[in-house]
Each structure stands twice: as structure tokens, then as C-alpha cells.
Amino acid sequence: MPDGAMPLAGAASVLDVRNLKTVFRIRGGEVHAVNDVSFSLKAGELLGVVGESGSGKSVTMMSLLGLLPMPPAEVRGGTVRFEGQDLLQIGAEDLRRVRGGRIGFVFQDPMTSLNPVFTVGMQIMEPLRTHMGLSKTAARARAQELLELVGIPGAKQRLDDYPHQFSGGMRQRVMIAIALACDPQVLIADEPTTALDVTIQAQIIELMLELRQRLGMAVIWITHDLGVIAGIADRVMVMYGGQVVEHAPVKELFANPQHPYTRALLTTIPRISGARAHRLTVIQGQPPIMGAAPTACPFRDRCDVAIPRCAVENPPRFDLGGGHDAACFVAKGAV
Amino acid sequence: MLDQDNTALVQVRDLKMHFPIHSGLLRRRTGAVKAVDGVTFDVMRGETLGLVGESGCGKSTCGRAILRLYDITGGEVTIDGTAIGQMGQGALRPLRPTMQMVFQDPQASLNPRMTVEAIIREPLDEHTRMTGAEKADKVAELMDAVGLNRRFAKRYPHAFSGGQRQRIGIARALALNPKFIVCDEPIAALDVSIQAQVVNLLEDLQEKYGLTYLFISHDLSMVRHIATRIAVMYLGRIVELAPRDALFGDPLHPYTRALLSAVPEPDPTRARARDRIVLQGDVPSPANPPKGCNFCTRCPAVMDVCKQVEPTYQQVQPGRFVACHLYETTGTADPTAGHPPHIS
């Protein structure tokens, strides 16, 4: 089912992000959370974004939707092309029309992202009424349709229930229903299954893949779980220290990882099947905190193939052919 | 893991932990959440028993009840030959050094107003008559053992990263030379690249000090790595217990099968080719479990008998226990008969 949806190489991109930079001002300094991130999303594809906490994956997506509190956050540069406009240049009102409308999003924790004092029905109807100007009756009918779409039994009755009356998996289905309310062209899902148990995670993944097929939207799926990504993504972008360190079609990335960080990540996780390692491979040290714009490779201290050049120059993303690129001098052979 | 012998260090028999539900104006007791409802297993000396299950299945409650952090509702727990199930908290105190716990969230389980040194020293203050100098030596030794730099002894927990904080929690658990440690989701709050560091540390310490672990986790891949035997819990009961390779190679209980097939595999070709069993519905409430088998509401292989009769937890193959009508035989129904065999 996940196969076959691979978009054509020439498919138009619906979202195009270039050189995005986001900085947080904190007491006594700055944190450079997003450093020169560029990527594009083609119509109908599923782009996986992998990284650990602090790698900048969520901040990237929040920056392009203007969801970060400013200050302390500050988008220092870049362009975000979506439907012929630059989302970083348009005003707050215009951006609000895009957000929750043409671009939907699903967050990690369905408990904190749903409002506990409003019924689920009211929360699904809100974007329908504000973005699409539907009447109350029409919005309610559509809300019921959406709940049925995401597989909630007894949708009509459940519209009047409050979030606490739903289980975690069901709440996440409600979040997805809200995100889909206005037929988004792009859906950004930030760790949508991380707070869920594996059997519920399997349900949500199945639902998302089915919906994506049916509605033909492009999806950006953020996760720290390489297993989830392997099963669903068309392309994968690996982030570290606020930058994209590797990017490739999913099979290529898992079969032929070029960046030492990706390779280390893939060997450090134990598998559910196949040979069992006697000892887990360890990535020594800690992820970096980017106190300044990077002038060297952020992974060099933990890298087992680092060369002197890695300490004086931040490697750009070298094209390795076949839609694969990696920000590593050693991978490029540029030693 | 290597010097494991064939005797049980911890024996858990029909352990029950029910939490009362009070409701109404008079706060009368109107029911109970049966968090752990009749669990039986052994933990062998030197082994790591993995206890897996989804949230709310009672695995953490089980771990805490074994260490008598609760007054248990029923059953018996024997640790190193001493029955502690019904013992008072005062009588338990001298036994505490042998059994320790590593908690999930090192941020919440370390006192933010105590230095690392004080945190690790606290169990020594409480349970030993060591002199100040001896304690200082022991703290330094423990910090070395878990890979914390001694120079940071005077710092507070907030100055450490998640992985380092978990090391502090481990050092503290080790302070009194325990035999048995319950690790309650020790890596769940850590980043992928840090998890391996902590798991390797736990394995090294096990080898060095001959520790026995009950490793509670929802991460089946990690449990496959660390555990010698694995118990799978669902809604307060153990549905299957088996040696690692048997459980992952040939799961018997329908729930174990579904659980294993739901684990995402970091291999695109395999992940997409796999027949995934997607369970329908949610876990029922432990306050109101279904009649018959706990899993009958979601089981793909459900039969009529499952909705009426509770399956017996019994040994179906040497060392393999299952509670499922599919495997119900006329054989021994007593799960305590005979110890699970030696696993090397």
C-alpha cells in the first residue's frame, strides 16, 4: 500500500523551502536552531524528517508556518514558496488563512493540542467556519463526515463528546480530522504517533497512508523513529545540529547511508528480527547545542571518520547522484 | 548474564494490585482498577527478565509492587528466599538494600536541590554506618562505574543531560550493592543515540556486579537486545512468557503476534513486504475488564469459549508459558510447577 505512490521525478513541488535560518535569543546568547535548511515537497509525496531532540526538525516546520513565539524566536532568512507566495513575507492574516487551511498539521500530543473545554465537534467545525465560511449546519455535517473518514465509530454522537472522553489513539484521529478539515494540499505531522502505543501507532499509520492515497495530499512526517520512516516515506531527510545532513529516497538511504551520523543511527538501534548484536554500537558524546552559526561540521566530535577539514569548514550538501545528497567531506571523497 | 544459574532470585506468585475507585458523596468504594491481576513468574539469578506491554497494561505497577512500593492486594513475592509480600514497611527497611529501582524519568526522580554527590550518597547515609571519608570514596567509585566525571560531583542535576542524569539514577541504585534492580523504562525518555550508551552500561554493570534485572519497557526491539527471557503483559495479566529467541521467532499468543508485527522495522523493503496484524479498537479499561479472556475484545483468533472462560496461564513447552485457549491442553495447569529451564 505505501508503494506505488512515489511521485514522478518531474512532479511539481508544492512547497519549496530555501536557506531557512531560525535563531532563538536566550539570556546570554543565541541558539541557532535551524541553519540553512532547504528542501522541497512534491505533490502527493511523503517526506520523512528524522532527527533527535534538538536537531531542529520541529522548529523548521514551525518557522515556516509562523508558529514560533517571536521573540525569542527570529527567522533570520530564507524563502518558503507555497502556492505562488513566500510564506515568510506575507502578513499574519494571510498566513493564518494558509495555516489550518491549505496546510494542515498534526502535533505529537493529542491531549495538549486539543482544547479540553470544547467538544470535539466544535473544534473540528472551527476551521471549517473560519477558513471555508461554512454555516453551522453545513460545518457540523462535514465534521461528522470527517470523523467517519478517520474511523471513529458512532461519529454523530461523538461530536458532542469532550477530548477526555476519547482514548489517546482516538484523540489523534480527531487531530487528523481537524487537520484534514479544509482539504489541505500539505499535511505536516510532527511525531504524530510518538505518544501512542505500538498497536495504536500501527492503526494511525495505516489511516494516514490510506487518507493520503485517497486525498492525494503531500505529507511531511517528522519522527525520531527510523522504523516508522522506513515503512511510510518516499524520501527521507536526516537532520542534525539544525541542518540537513543527508537526504535520499527511502530505499537508497537505508541501503546506502552516506553520512556517518545516518550510518551510526542505523547501527545503534536494535532490530526486532534478524541477527542480534552482542553489543549495541554507541554514538559517543552528546548532540551539540548550536550557540552560533556553524563554522564546522556539527557532528565532527562524535564522528569516527572526521578529518581536519571538518573542524574548520561546515560541509555543504554534496550531490551524490540519484536524488541523494550528504553534508560530509568524507562521503564526497573531498578529502 | 553469563554467570546465571538455575535458581530463582525473585519469585512472584499470583500477585494482585488493585486500586480502589471511590465515588459518590460518601466516597464509598465502588470498584477497583485491577492494574495487576494475578501475575506469576520467576526472575532467575543473573538474568534480565524483560516485562513488555503497552501503556496501562500494569507493567510498571507490577515492578513497583514487587519491590513493595505498594501494599499489595494479594499474592506473594519472595526475594532471595525472604517472603516480603505481607511484610510491614518497617520490617522491609533492612531488606531495601538488596532491591533497588531505576526510574524512567531522571528529571523527575532526582531532587533538583541536591548535588549529584548528595544524591548518590543518600542511600549510604540511610542504610550504612560508613564514615564520611568512606562514603566519599564510595561515591567516587560509583561515579567512575557509571561513567560520570568525578569533577562534576558538586553539580546539580539540571547541569546534566538526560543520559547523564540516568547515569546518576543508576549510580544511586547501585550504592548499596543490590542483587535485584527493577529498571522501569530506563531509556524511554532518552534520545536514540543515547539509549545505546545506557543499555551498554546496564549490561556492563550486570556482568561486573552479578546483577539481576527486571527490565520494564515498551520498546520490543530493545528488550530483544537486553533480555534473556520476556514476559508480555496485557491488561494486568501475563499472556505469554518465553525465552527471547522463542518469543521473537515463534510468538504463540495472538497478542504477542500482533504486538511484534506492529513494531516498525528500520528496513524499507522488509517493512513494506511484511504482513502486519493491525489490531482493531483500544485496550479495555482495567476497572472493567471483559468477561473471559482479557484480550477477547481485540483478538483476531477469538473463539466462543474466550468470551466465557478465562484461559489458564500454563506451560505449553519447556520454559514457555501462555494464557490462551488456543493452547489449552489437559496438561499441567500449574504455572509454578517446575522452574523454567536454564537459558544460556
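**View 1. The crossing of helix α8 of chain A with α10(B) in the predicted model.** The crossing in which α8(A) passes α10(B) is left-handed. On the side of α8(A), the residues that take part are Val198(A), Thr199(A), Gln201(A) and Ala202(A), and they meet Ala258(B), Leu259(B) and Ala262(B) in α10(B). Sorted by class, this contact of α8(A) with α10(B) has five nonpolar and two polar residues, with no charged residues.

**View 2. The side of chain B that touches chain A.** The contact between the two chains takes 38 residues from chain A and 34 residues from chain B. Four helices of chain B, namely α7 (192-209), α8 (220-226), α10 (254-262) and α11 (268-273), each supply at least two residues of the side that touches chain A. The largest share of that side, six residues, comes from α7(B). By class, the side of chain B that touches chain A has 17 nonpolar residues, together with nine polar and eight charged ones.

**View 3. Helix α1 of chain A and the glycine that follows it.** Helix α1 of chain A, residues 57-64, is mostly covered, with eight of its eight residues buried. The buried residues in α1(A) are Lys57(A), Ser58(A), Val59(A), Thr60(A), Met61(A), Met62(A), Ser63(A) and Leu64(A). Gly66(A), which follows α1(A), has a positive phi, near 65°.

**View 4. Met114(B) in a loop of chain B.** Met114(B) lies in the loop that runs between α3 (106-109) and α4 (116-127) of chain B. Because it has 14 C-beta neighbours inside 10 Å, Met114(B) counts as partly exposed. Although Met114(B) and Tyr156(B) are 42 residues apart along the chain, their C-alpha atoms are separated by 6.3 Å.

**View 5. The annotated span of chain B.**

Note on methods: Residues numbered from 1 in each chain as written. Chains lettered and ligands numbered in written order. Predicted model: local features only at pLDDT ≥ 70, side-chain atom pairs only at ≥ 80, totals over all residues. UniProt positions renumbered as here; feature names shortened; annotations may be inferred. Contact = placed C-beta atoms within 7 Å. Nonpolar A, V, L, I, M, F, W, Y, C, P; charged D, E, K, R; others polar. Buried ≥ 20, exposed ≤ 12 C-beta atoms within 10 Å, placed from the backbone. Axes fitted to C-alpha atoms, helices over the stretch in contact; angles between N-to-C directions. Left-handed = near helix turned anticlockwise from the far one by under 90°.
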